[in-house]
Amino acid sequence: MKAATLLRAGLVVLLLTLVLRPELATPLLAPLAPPDGPVIYERASLLSLSLSHLGLVALSSLAATAVAVTLAVLVTRPFGAAFRPLARTVTNLGQTFPPVAVLALAVPVMGFGAGPTLVALFLYGLLPIFENAMAGLTALPPATLDAARGMGFSRWRQLRRVEIPLALPVILAGVRLSVVIALGTATIGSTVAARTLGEVIIAGLLTSNTAYVVQGGLVVGLFAVLIHDALVQLERRLTRR
Amino acid sequence: MIEIDGITKRYGDTTAVDAVSMTAQTGTITAIVGTSGSGKTTLLRMINRLVEPSKGEVRINGTPTSAIKPHLLRRRIGYAIQGHGLFPHHSVARNIGAVPQLLGWSPDKIRARVDELLDLFSMAPDEFRDRYPSDLSGGQQQRVGVARALASRPDLLLMDEPFGALDPIIRARAQDDLRRIQRALGSTIMLVTHDMEEAIRLADRIAVMDAGKLVQHGPPADIIATPATPFVAEMVGEADRPLRLLSLIPVTEIAEDGAADGPPLPADATLRDALSACLWTGRSALPVVGASPAHVTLDAIRARVGGHG
C-alpha cells in the first residue's frame, strides 16, 4: 500500500515535470536527439497539447458512455430484446473499423481538426462499454429483481435503484477500458491536425528525432497509467457496497 | 378477506392454473401445497399480478386486483421469496424500509418501524440496522426478507418457499417465528410450499394443487384424515398420517387430572411430543406442566387418533 502510494506520487511528479517544465528533462533526452538537433519540443506548449488531448478523450468517452449505456439499458428491457443482435453488430462494427480509416473517411466530410478525431474515438470506445454494460445488466441476481418487482418498484425505479447500482462495477470497468484505449488512440488525431500529444510523436518521427518520440510517448503513457489507476480507485470507492 | 374466483392461467395450449377458487379469511395462514409444476407458484404470482391471469378475478377485501395499477397493488401486498432477494447494495434498515419509502412514509416513521420489526425478529436494531445482507447468516437474511415484506403492514403477505434455502434446524425456528409474529400482528398470509410438514406446522388452511387444479382445501386435520384424492394422500404420506395428526393436537386437549411419574412435558407440547416421550422412556403416562397436577396417558393418545379405517 505504502509502496503503491510512493510509486503513484513519483509518477505524478514525473508527469508534471514533463508537461510543465519539459526543459528539465533535457539531460535525460539529449542522448536520443540527433547531433545539434533540438531536444525538447517547443513548437507548442506541452500543457496546452495535454489539455486538448485530455479534452478530446473526455468528450468522446462521455458521449460513448452515454450512448453505449443507454443502448445496453434499452436492449435489456423486454421491449428492446429484439434489437439486441442489431446493437451488438453496430457496436462491433465501431470497434472493427480502424480509427485511422475513420479519420480518413471523416476528413472529407468534416474537414481537418478535432471533429474527425472525436468521431473515431467515439466509435472505437463504444464496444467495451456496451459489452460490459450488457454483461452487468444481464447477470443480476434474479431473486433480487423478482423481489423488487414483487414489492412494487416501477420498471424505471427498479432500473435506477437496483439494476444500475448493481451493474455499476462492471459498467465502470468498461468505461475505464475505453478511456485508456482512447488516450492512446487520440495520438493519431494529430495526423489530421487535431491538437493532441501525438503532434510531438509525429514531429519526432518526421525529423528522425527520437527525443521527441520518447517525450510524447512518455507523457501519453503516464497519463494512461495514472488515469487508469484513478478510475480503479473511483470504482473501488463507488462499489464498496 | 382474500377471494380467488375462478382464476386460470394458460400458456399456449398448456393450462398452468385451471379455474381455481378459494377464500382466505383475514388473519389466517393458507398454505398452497403441491409438487413442482403443479401451478402453485403461478397461482400465488397471479394474486399480486406478477403473472396476469387469463381468466378469473382476485378480490382483496372486496376490491378486485385488476382495479389497481400492478405496481401500486404490489406495494399493498407483502412479498417474500426463497433466497430472500434482499438488495445487496442496501443496508438492513434500507432493505426493510424499501416499501414504506415507496409509500412516502417520513424517515422517522420508517426508522421506528424498522427497529420495531428487528426487535420482533429478535435481531438487536443497534447491531443489525446498518449491516449489509452479505454480513448476515442465511437465517438472518431470511428474517430480514420476511421483515421487509411485513414493513408496510400489508393487507396480505405472499410467501413463495420462504424457508426453502434454510437448513432444517434454522427452518424450524423460522417457522415458529413466523407463526408467533403472524399471531401477534394478525397478518393474512398465503404461503407456497412443497413441504407438507411445513404446511401442517404453519397453516390454518391447506390448499393442495395438482396439475393446475385445486384438489382439496381445508384445515390440516381434514387434509390428513380424509384426503380427497390419492395424490393428496400421497402428499400427506400414509405412514406419517397418525404422527402428523398428533402434531396438530396440544396435550392440554386430552390431559386428565392427577399426577404421573418422571420428567414433565411443557404445557405447549403436542400429542406427537407426548407419544415420542412415552415410547422413548417406556412410560404409559406423562405429567404435564400446569397450575394443577395433570397427566396424559398412552391410552388417551391412542383413543384420540385411532379408529380410522
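This is a predicted model: local features need pLDDT of at least 70, side-chain atom pairs count only at pLDDT 80 or more; totals for chains, interfaces and linings use all residues.
**Chain A as a whole**

Begin by selecting chain A, whose C-alpha atoms fill a box of roughly 75 × 50 × 20 Å along the principal axes. The chain has 10 helices and 0 strands, and 38% of its 241 residues count as buried. Among its contacts between residues at least 6 apart in sequence, 72% join residues at least 24 apart.

Next, select residues 2-20 of chain A, which form helix α1. This helix of 19 residues reaches 27 Å from its first C-alpha to its last, close to the 27 Å expected at 1.5 Å a residue. Does α1(A) lie largely in the open, or is it largely buried? Of its 19 residues the number buried is 1, so α1(A) lies largely in the open.

**Annotated stretches of chain A**

Now colour residues 49-75, 96-115, 121-145, 166-192 and 212-232 of chain A, which an unreviewed UniProt entry annotates as "transmembrane region". Two of these stretches can be inspected in turn. Residues 96-115 of chain A are 75% helix and 0% strand, with the end C-alpha atoms 20 Å apart. Over residues 121-145 of chain A, by contrast, the end C-alpha atoms are 35 Å apart, and the chain there is 88% helix and 0% strand.

**Helix α7 of chain A and the contact with chain B**

Select residues 142-151 of chain A, helix α7, and show side chains for A:T144, A:A147, A:A148, A:R149, A:G150 and A:M151, which are buried. Which elements do the buried residues of α7(A) pack against? In chain A the partner is α8 (155-185), and in chain B the partners are α2 (70-75), β6 (77-81) and α4 (98-102).

With both chains displayed, select the residues of the contact, which takes 18 residues from chain B and 14 residues from chain A. On the side of chain B that touches chain A, the elements giving two or more residues are α2, β6 and α4 of chain B, and the largest share, 4 residues, comes from α2(B). By class, that side of chain B has 10 nonpolar, 6 polar and 2 charged residues.

**Chain B and its domains**

Turn to chain B and colour domain 1 (2-235) separately from domain 2 (249-305); their C-alpha centres lie 35 Å apart. An unreviewed UniProt entry places the annotation "domain: ABC transporter" on residues 2-236 of chain B. That span is 40% helix and 26% strand, and its end C-alpha atoms lie 26 Å apart.

Within strand β1 (residues 2-11) of chain B, select B:T8, which is partly exposed, with 17 other C-beta atoms within 10 Å. Leaving out residues up to four places away in sequence, B:T8 touches B:T15, B:V17, B:D18, B:A19, B:P53, B:S54, B:K55 and B:G56.

**The largest nonpolar core**

Now look for the largest nonpolar core, which has 134 residues and in which A:A133 and B:I32 touch the most other members. Helix α6 (residues 114-138) of chain A gives the largest share of this core, 13 residues, while domain 1 (2-235) and domain 2 (249-305) of chain B each contribute at least three residues. Centre the view on B:I32, which, leaving aside neighbours within four places in sequence, is in contact with B:K40, B:L43, B:L44, B:M190, B:L191, B:V192, B:A207 and B:M209.

**Two loop residues with positive phi**

A:S208 lies in the loop between α9 (198-206) and α10 (210-238) of chain A, and its phi is near 50 degrees, a positive value in a residue other than glycine. Because it has 11 C-beta neighbours inside 10 Å, A:S208 counts as exposed.

In chain B, B:R153 lies in the loop between α7 (138-150) and β7 (156-160), and it too is not a glycine, with a positive phi of about 50 degrees. Is B:R153 exposed, partly exposed or buried? B:R153 is partly exposed, with 13 other C-beta atoms within 10 Å.

Technical notes: Residues are numbered from 1 along each chain as its sequence is written. Chains are lettered from A and ligands numbered from 1 in the order in which they are written. Domain bounds come from an automatic or database domain assignment. A residue is buried if 20 or more other C-beta atoms lie within 10 Å of its own, exposed if 12 or fewer, and partly exposed in between; C-beta atoms are placed from the backbone. Two residues are in contact if their C-beta atoms, placed from the backbone, lie within 7 Å. UniProt positions are given in the numbering used here, feature names are shortened, and annotations may be inferred rather than shown by experiment. The expected span of a helix is 1.5 Å times one less than its number of residues. Ala, Val, Leu, Ile, Met, Phe, Trp, Tyr, Cys and Pro count as nonpolar, Asp, Glu, Lys and Arg as charged, and the others, Gly among them, as polar. A nonpolar core is a set of buried Ala, Val, Leu, Ile, Met, Phe, Trp, Tyr and Cys residues joined through C-beta atoms within 7 Å.
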